[in-house]
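Hi,

Here is the structure I promised to pass on. Have a look at it first, and then read my notes below.

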Amino acid sequence: QVQLAESGGGLVQAGESTRLSCAASGNFFSIHAMGWYRQALGKQRELVAAITSDYSTNYADSVKGRFTISRDNAKNTVYLQMNSLKPEDTAIYYCNAEITFRYTSNKYYWGQGTQVTVSS
């Protein structure tokens with residue numbers, strides 16, 4: 001079984017920074033892609049940022065220039081550095097990973113989510 005454990009987040013002031021971490025554990029071959037999604041109250045879950053195994057990145061327009069996604073393959077961990085936070089960044093942030101197994105097809109896993117609240 002694969003588990004994603006998120007950490008970070010909490011309450012921050014507008015304009016400040018915070019960093020989220022997500023570590024994958026379990027029995028798998030490798031991690032192809034990792035990403036962060038968020039879901040604000042009353043809204044659909046949306047992609048924030050993603051990074052592939054070759055370190056290609058993709059960002060939502062709303063966070064470009066403010067957020068940076070990175071990964072540490074040795075630690076099976078993905079990070080989301082969030083700078084210049086705005087109240088509209090308030091949401092539950094979810095980690096997602098596409099896991100590669102040696103003898104079966106890739107599967108997607110989700111973390112439990114971590115709340116980020118930005119006060120004005």
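First, the ground rules. This is a predicted model, so to speak of local features I needed pLDDT of at least 70, and side-chain atom pairs count only at pLDDT 80 or more, while totals for chains, interfaces and linings use all residues. Residues are numbered from 1 along each chain as its sequence is written, and side-chain values use heavy atoms, with hydrogens and water left out.

Now the rings. Searching the whole structure turns up three aromatic pairs (rings of Phe, Tyr and Trp, the last by its six-membered ring, with centres within 6.5 Å; planes under 30 degrees apart are stacked, over 60 edge-to-face, the rest tilted). One of them joins Tyr37 and Trp110 edge-to-face, with 5.0 Å between centres and 65° between planes. Those two are 73 residues apart, with Tyr37 in strand β4 (residues 30–39) and Trp110 in strand β10 (residues 107–110). Strands here are DSSP runs of E, at least two residues long, numbered from the N terminus. Tyr37 is partly exposed at 24% relative accessible area, and Trp110 is partly exposed too, at 40% (buried is under 20%, exposed over 50%, partly exposed in between, with a 1.4 Å probe and protein chains only).

Ring pairs also bring in Tyr94, giving a cluster of Tyr37, Tyr94 and Trp110. Arg45 lies over the face of Tyr94, 3.7 Å from the ring centre, and over the face of Trp110, at 4.6 Å. For Arg, "over" means CZ within 6 Å of the ring centre and within 35 degrees of the ring normal.

Which residues touch the most other members of the largest nonpolar core? They are Trp36, Leu80 and Tyr93, out of 31 residues. Such a core is a set of buried Ala, Val, Leu, Ile, Met, Phe, Trp, Tyr and Cys residues joined through side-chain atoms within 4.5 Å. Several strands supply at least two residues each, including β3 (18–25), β7 (67–72) and β11 (114–119). The largest share, five residues, comes from β9.

Last, the backbone. Most residues other than glycine have a negative phi. Tyr55, however, has a positive phi of about 70°; this residue is in the loop between β5 (46–52) and β6 (57–59) and is partly exposed at 47%. Ser84 has a positive phi as well, about 50°, and is found in the loop between β8 (77–82) and β9 (91–100). Ser84 is partly exposed, at 40%.

Cheers

How values were computed. Helix = DSSP H or I, 4+ residues; strand = E, 2+ residues; numbered from the N terminus.
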